Amino acid sequence: MEAKTCGCNERGKSVSYHFIESTHSLCMNKVELISAQIQACERLLNYSRDIDEGLLLKDEITRLRLALDMIQY
């Protein structure tokens, strides 16, 4: 899975995801999907140079981890 930031400062930025290989979307359960999103955000965070983008990605990772915890327990 790959994560990208999109949007502008006026409307707000967001994170979008897409599968590197489309066949992966057919065989993933919710836990695997959210885990892949977390990993994609963490990889993107390593390459982020913009402070706002870094904050957006950290917030997204926090929300995804919370969702993952809620699903698993």
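Analyst: Helices (H or I, at least four residues) and strands (E, at least two) are DSSP runs, numbered from the N terminus. On that basis the protein chain reads β-β-α-α along the sequence. The model is predicted: local features need pLDDT of at least 70, side-chain atom pairs count only at pLDDT 80 or more, and totals for chains, interfaces and linings use all residues. Residues are numbered from 1 along each chain as its sequence is written, and side-chain values use heavy atoms, with hydrogens and water left out.

User: What makes H1 and H2 roughly antiparallel?

Analyst: The axes of H1 (residues 30–47) and H2 (residues 51–72) cross at roughly 160 degrees. Axes are lines fitted to C-alpha atoms, for helices over the stretch in contact, and angles run from 0 to 180 degrees between N-to-C directions. Angles over 145 count as roughly antiparallel (under 35 roughly parallel, 65 to 115 roughly perpendicular, the rest oblique). H1 and H2 are therefore roughly antiparallel.

User: How do you know how many disulfides the structure holds?

Analyst: A disulfide is a pair of cysteine sulfur atoms within 2.5 Å. The sulfur of Cys41 has its closest cysteine sulfur in Cys6, 11 Å away, so the two are too far apart for a bond. The structure holds zero disulfides.
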